[in-house]
Amino acid sequence: MSSNPHKKALVFFSAGVGDAILLVPLVNDLKKQGYFVTGLFTSSFGCESIFENTQLFDDVKIKKNKLLFVLFSILNFRKYDAVFLNHFSFSKSNLTLAAFLGKDVYTNYKEFTSSQSSPAIHFIDPKPNTHDALQNVFLINSSATLSDLNFNLNYTSQKNSFNLPKKYIVIQASSANNKAPYKNWDIEKWLELFKYLQIKSPSSTLVLLGDNTELHLNEKINSSSHPNVLSLIGKTTLNDAMEIIYQSQFYIGLDSGLMHIAVALNKPTFTIWGASNPTLYGYEWLGAKHKIVSLNLACAPCSSWLNANTSRVKNPALCPDFKCIKDLSVEMVNKELDKFIETI
């Protein structure tokens with residue numbers, strides 16, 4: 001791989017799966033500019049496994065233990081020309097260690113500037129109503145636009161070890177480790193959607209993905225009522241999920257890490273949105289193969305790191321009724337799903 005060995009970049013990956021994918025365009029932009037790019041993984045979510053079968057990075061460092069992370073920072077003092085940590089990766093300790101590692105540090109975390117003291121730390125002012133992947137690229141390229149975002153992972157397909165049928169649709173019926181009621185559509189409505197898909201796409205199996213926090217969904221799925229549904233919830237690794245999504249027809253789900261993976265793997269996505277901000281995290285700007293369904297209530301989006309709508313609640317988890325997601329009817333979703341399937 002041709003890179004300038006004197007131009008080294010380090011990118012922090014300290015949050016969840018979705019944020020890891022949202023950092024991919026930054027990595028691709030750095031490589032385009034001639035950087036040798038190292039991914040530094042400190043996240044507890046195992047995000048590094050997403051990239052096992054990709055050629056995204058020139059090097060990968062995994063430092064989950066705080067002591068090992070500190071030691072790594074000391075041993076690699078100012079080794080990197082530029083270090084990047086976005087708002088999801090920000091903490092005072094990360095910023096301190098980033099300043100050890102890099103000659104220049106770039107972040108868009110908006111709360112720390114009053115305590116900023118090092119001239120090596122560069123704060124890039126986040127822009128409202130701007131996609132998070134583009135906010136990340138702004139750390140290195142202030143003139144970038146949505147059309148410049150490159151989510152290509154250079155993914156190498158692996159053998160499907162689950163013996164899935166040739167035609168299947170991937171569905172994730174839960175989001176945010178089942179801890180965000182403002183993102184999650186009722187399982188009873190999902191079951192109605194499964195029945196509708198059984199009629200709409202009788203030749204396609206519906207493969208459900210999710211982690212161990214979503215196992216309760218299996219209790220609701222009766223195989224006799226849903227013969228075309230195969231639940232792999234709690235049975236796959238992130239690496240498995242990558243391959244399953246890669247081989248699928250398209251993805252149906254919520255604002256989640258798997259949605260972002262599907263986009264990076266160039267799969268069409270149909271997503272149901274509640275309180276989170278689709279302008280920051282959605283993909284309709286990529287075209288008709290990425291469909292968002294939302295009620296667009298006047299109080300939304302209350303879940304947003306930038307310019308959250310606090311007219312009703314300051315914390316989306318404390319909403320008294322979660323109307324934005326609970327009032328979204330199966331009929332509306334089915335209608336929009338029809339249009340989406342016709343488009344792709």
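**A note on cysteines, a cavity and the overall fold**

1. Let's start with C319: its sulfur lies 6.3 Å from the closest cysteine sulfur, in C302, which is too far for a bond. A disulfide is a covalent bond between the sulfur atoms of two cysteines; here it is counted when a pair of cysteine sulfur atoms is within 2.5 Å. C324 is in no disulfide either, with the nearest cysteine sulfur, that of C302, 6.0 Å away. The structure holds zero disulfides.

2. Before going on, please keep in mind that this is a predicted model, in which local features need pLDDT of at least 70 and side-chain atom pairs count only at pLDDT 80 or more, while totals for chains, interfaces and linings use all residues. Residues are numbered from 1 along each chain as its sequence is written, and side-chain values use heavy atoms, leaving out hydrogens and water.

3. Are C319 and C324 buried or exposed? C319 is buried, because its relative accessible area is 13%, and C324 is buried too, at 10%. Buried means under 20% relative accessible area, exposed over 50%, and partly exposed in between (1.4 Å probe, protein chains only).

4. Now look at E336, which sits in helix α11, residues 330-343. (Helices, H or I of at least four residues, and strands, E of at least two, are DSSP runs numbered from the N terminus.) E336 has 16% relative accessibility, so it counts as buried. Leaving aside residues up to four places away in sequence, E336 touches F270, K291 and V293, where contact means heavy atoms within 4.5 Å.

5. Next comes the cavity, a set of points on a 1 Å grid over the protein atoms alone where a 1.4 Å probe fits but cannot get out; lining residues have an atom within 4 Å of a point. There is one cavity of 30 Å³ or more. Its lining includes M259, Y283 and K291. Which strand gives the largest share of the lining? That is β12, with three residues. Both β11 (269-272) and β12 (290-293) supply at least two lining residues each.

6. Finally, step back to the protein chain, which has 11 helices and 12 strands. Of the 344 residues, 55% count as buried. The C-alpha atoms fill a box of roughly 60 × 50 × 35 Å along the principal axes.

Key
On a 1 Å grid over the protein atoms alone, a cavity is a set of points where a 1.4 Å probe fits but cannot get out, and a pocket is an open set with protein on both sides within 12 Å along at least five of seven lines; lining residues have an atom within 4 Å of a point. Grid points are joined across faces, edges and corners, and a volume is the space filled by probe spheres set on the points.
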